[in-house]
Amino acid sequence: MCAALNPVARQGLAVLDADEIRRALTRIAHEILERTHGGEEVVLLGVPTRGVPLARRLAERIGQFEGLEIPCGSLDVTLHRDDLRLRPARALGRTELPAGGVDGKTVVLVDDVLYSGRTVRAALDALTDLGRPRTVQLAVLVDRGHRELPIRADYVGKNLPTSQREMVHVLLTEVDGTDAVLIGDGSPGDRSPDASSPSARSPDASSPSTTSTTSSPGTTAAHGGPAASEASFAHRTAAEVRKASRPDDTAAGSRTSGGSGGLVSTPRKTQ
Amino acid sequence: MNRHLISAADLSRDDSLLILDTAEELASIADRPIKKLPTLRGRTVVNLFFEDSTRTRISFEAAAKRLSADVINFSAKGSSVAKGESLKDTALTLEAMGADAVVIRHGASGAAHRLARWVRGTVVNAGDGTHEHPTQALLDAFTIRRRLLGIERARGQGLDGMRVTIVGDVLHSRVARSNVLLLSTLGAHVTLAAPPTLLPLAVGSWPCGVSYDLDSELPKSDAVMMLRVQQERMTAAYFPSVREYSRRYGLDATRMTRLPDHAIVMHPGPMNRGVEIAAEVADSPRSTIVEQVANGVTVRMAVLYLLLGGAELPAVTQ
């Protein structure tokens, strides 16, 4: 977890490294098996972009543990989002259901970061249009708090107390070439022209996948470029992270930010 | 992307690919039990049709409804236009009713362009005179890409190196104009095959090749697009007889054998069976005519989503 050793540390402080992500996923895979009594009738649906490789990794692990092939797919929620009107129309991700569909199944939604809960709300709506699962559960790699809807995760890789001003980036080998969870401080002084991009605009635009898009070149249309995303991160010392990790500080952090730190509502030019 | 879709010339390669890739994701909705998305809830789309149309109007209506927009259909027959109301006054009336998008088909070239200056909403050109029909070109490009590359390989790809031959009444065809522009933007090599009388004067400045001999073009083509002979727009004798036209530029079963095995036959519809296309060709497995109609809904959904689905652009960018 030493920031200096991590090749991507300059984008923020690493809070999970590749080994820790691997262990968290292994634990979640076991928990899914336990909670679903052996994984019968389970379907894993990843939310693009980074939920999809996470779902695949979980399916792979469950296959290793139980010799069981878990159907795995992707569920794009863009067209069901409630913040579409806040930004120019964005490119769609893929929705691919496994051959058996979702009717009567236990669907586990998989995403990288759980924040406001709005992406999960959209995913539940999208799922309703595709069929009628018996139960729906939620697995996330990072739960960073600040829920705006009554939604909770069933399986959590890491609870990460944050302030709303901070940004959490999940990097995965399949998408970004490396595995890491980074936390960066989007302090107002550092705001680059990219400030109105998804990741900087806290609560309303806080989809897990968009929370992390700025660090991956070319994943979405609203991407601001690697240089811009680096500029919006200031280094934090380990001590600051420990401080922010205490629940009372987190609350204070979110109060002082007043929900405004990241709420940049400048409309982006598209042409 | 622009706020309006008036001409295929306004679309860059990236814009076009974004529309086609979005359509590719939306295509799966046609196979679902619930063919509806909440994306455009609360938005109003007006179909403003001054010319007769079956597939385009129904296609736009289905596309808007699948995205949950409210649709108002307006056709010139039975409206105040019959009493002499001008396009501008009609537009202002629609504006007052709060239309977020106006889909316009009009007999006059440039009508969509004029309308875009009068209304605040988005304008989508669904065919203006003999000028352009950009959504038809998009659905044709989508169909070519899907059929020739395969659904799995199509995403993100242009039509680079593909040879498309557009045959027939190019002079009166807005479909041909939009297709020449869009397909060449996407990297395809377009050739027009038509009698000299049915080619526009300025065809030399278009990004395409020209041939008077269909038979020599067919073996080189990956896709052949047959155009309807638009008798209703013809004010002079452009060819001696329908029979002679059909012999030289119609696609019949014998002529179809000159095509490479993978090549597809397209037609924007409505067809004159027996004139530009023979019935056995239209009904053959190479024909994508029915597929084009299905793809039309998908592509128009993509266009409406990309134009209306996001934030309204601030005035400074216009």
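Predicted model: local features only at pLDDT ≥ 70, side-chain atom pairs only at ≥ 80, totals over all residues.
1. **Chain A at a glance.** If you look at chain A contacts with a separation of 6 or more, 73% of them are between residues 24 or more positions apart.

2. **The sheet in chain A.** The thing to find next is an open sheet of five strands in chain A, running in the order β3-β2-β4-β5-β6 with parallel pairing. On the edges sit β3 (72-74) and β6 (155-159) of chain A, each of which pairs on one side only. On average, neighbouring strands here are turned by 25° against each other, ignoring direction.

3. **One strand pair up close.** Within chain A, β4 (residues 106-114) and β5 (residues 135-143) are parallel partners, joined over eight bridges. A handy spot to look is A:Leu109, which has A:Leu138 of β5(A) standing opposite.

4. Is A:Gly12 buried or exposed? A:Gly12 counts as buried because there are 28 C-beta neighbours inside 10 Å, and the cut-off for buried is 20 or more. You'll find A:Gly12 in the segment before β1 (13-16) of chain A. For a sense of distance, A:Gly12 and A:Val77 are 65 residues apart in sequence and 28 Å apart in space, C-alpha to C-alpha.

5. **Chain B and its two domains.** Chain B splits into domain 1 (8-133 + 294-317) and domain 2 (134-288). Their C-alpha centres lie 25 Å apart. Where they meet, 26 residues of domain 1 of chain B are in contact with 26 residues of domain 2 of chain B. On the domain 1 side, α1 (13-26), β4 (122-128) and α12 (289-308) of chain B each supply at least two residues, and the largest share, eight residues, comes from α1(B). That domain 1 side divides into ten nonpolar, nine polar and seven charged residues.

6. As background, nonpolar side chains tend to be buried together in soluble globular proteins. In this model the largest nonpolar core has 98 residues, and those with the most contacts inside it include B:Val102, B:Val103 and B:Leu304. Helix α12(B) gives the largest share of this core, eleven residues. Both domains of chain B take part, each providing at least three residues. Zoom in on B:Val103: beyond its neighbours within four places in sequence, its contacts include B:Val45, B:Phe60, B:Val124 and B:Ala126. There is also a second, separate core of 56 residues, with A:Val43, A:Leu54, A:Val110 and A:Val168 among them.

7. **Where the chains meet.** How many residues does each chain bring to the contact? Chain A brings 20 residues and chain B brings 19 residues. The side of chain A that touches chain B divides into nine nonpolar, four polar and seven charged residues.

How values were computed
Residues numbered from 1 in each chain as written. Chains lettered and ligands numbered in written order. Pairing = 2+ DSSP bridges. Helix = DSSP H or I, 4+ residues; strand = E, 2+ residues; numbered from the N terminus. Axes fitted to C-alpha atoms, helices over the stretch in contact; angles between N-to-C directions. Domains from an automatic or database assignment. Contact = placed C-beta atoms within 7 Å. Nonpolar A, V, L, I, M, F, W, Y, C, P; charged D, E, K, R; others polar. Buried ≥ 20, exposed ≤ 12 C-beta atoms within 10 Å, placed from the backbone. Core = buried A, V, L, I, M, F, W, Y, C linked by C-beta atoms within 7 Å.
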